[in-house]
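Me: I am new to reading structures, and I would like to understand where the words used for them come from. Could we go through this one slowly, setting each value beside the rule behind it?

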Amino acid sequence: MGDWLFVFALAVVGTAIIFPPAYELGVLLHEKALGASLLTGLGVAVLAAAAAVAAFSMGVLRRLPPPTKAALAIGAAGAGTIVIAQATAIAPLMLGAALVGVGQGLLGPVLSIWLLERTPDRLRGRAVGIYTTVTFLTLFVAPLVARWAAIDLHTSSAAMRWYAIADLVVVAVLALTLFRRPAPALAPAE
């Protein structure tokens, strides 16, 4: 059950912190005076294409443990988020969007596989149903939180910096799970 809770918590936190750059892309372009709605569409297309390529490239990462894959996904999104926040030209902003897309494309499959690896066959349907519900509820709430954060911080760029810091914290937590040692096995009673 502990692994389930960790994956569900990571689904909520990961989804909440890596999707806001996509929600705020149009506002960011407007704030930075970098272009019109055409560029917003292009940025979202770059992000979506990168997400699709990353999702279809999961096989490349098959030998890595789930926490490493999740850290790569969130780390890519974090790097993209900070690039977007700091961008003063279209090219770096699109590069940031692509990196965020890579993170988005990897996170869902990584967490799904991790959950299924840790779930007994008889409970898989229930676990996947809960995971899907948690993820979609987060996708519903995250844009509202992203807009509130941008308004509270007076710019979307400032909010994106905080999201990048949150990405870094989650990557650090995932790195710590890699060094966690399993509890020693109990000796059989004699």
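Reply: Let us begin with a rule for overall size: the radius of gyration is taken over C-alpha atoms, and the value for a globule is 2.2 Å times the number of residues to the power 0.38. Please keep in mind that this is a predicted model.

Me: What does that rule give for the 190 residues of the protein chain, and what radius of gyration does the protein chain have?

Reply: For 190 residues the rule puts a compact globule near 16 Å, and because the protein chain has 18 Å, the value agrees with the rule. Along the principal axes, the C-alpha atoms fill a box of roughly 75 × 35 × 30 Å. Of the 190 residues, 41% count as buried, and among the contacts with a separation of 6 or more, 79% are made by residues 24 or more positions apart.

Me: Which elements make up the secondary structure of the protein chain?

Reply: The count comes to seven helices and zero strands, and reading along the sequence gives the pattern α-α-α-α-α-α-α.

Me: Why are α4 and α5 called roughly antiparallel?

Reply: Helix α4, residues 66-86, and helix α5, residues 90-117, pack at an angle of about 160°, with their axes 7 Å apart. Angles over 145 degrees count as roughly antiparallel, and α4 and α5 are therefore roughly antiparallel to each other. The contact of α4 with α5 has 20 nonpolar, four polar and two charged residues, and α4 passes α5 in a left-handed crossing.

Me: Which residues of α3 and α5 meet?

Reply: On the α3 side they include L39, L42, G43 and V46, and on the α5 side they include I90, M94, A97 and A98. By class, the contact of α3 with α5 has 16 nonpolar, four polar and no charged residues.

Me: How do you know whether T135 is buried or exposed?

Reply: T135 lies in helix α6, which covers residues 124-153. Buried means under 20% relative accessible area, and T135, at 14% relative accessibility, therefore counts as buried. Leaving aside residues up to four places away in sequence, T135 touches A11 and T15.

Me: Where is H154 found, and is H154 buried or exposed?

Reply: H154 is found in the loop between α6 and α7, the latter being residues 156-179. H154 has a relative accessibility of 71% and therefore counts as exposed. Although H154 is not a glycine, its phi is positive, at about 75°.

Key:
Residues numbered from 1 in each chain as written. Predicted model: local features only at pLDDT ≥ 70, side-chain atom pairs only at ≥ 80, totals over all residues. Heavy atoms only, no water. Axes fitted to C-alpha atoms, helices over the stretch in contact; angles between N-to-C directions. Helix = DSSP H or I, 4+ residues; strand = E, 2+ residues; numbered from the N terminus. Parallel < 35°, antiparallel > 145°, perpendicular 65-115°, else oblique. Left-handed = near helix turned anticlockwise from the far one by under 90°. Nonpolar A, V, L, I, M, F, W, Y, C, P; charged D, E, K, R; others polar. Buried < 20%, exposed > 50% of the residue type's maximum accessible area, 1.4 Å probe, protein only. Contact = heavy atoms within 4.5 Å.
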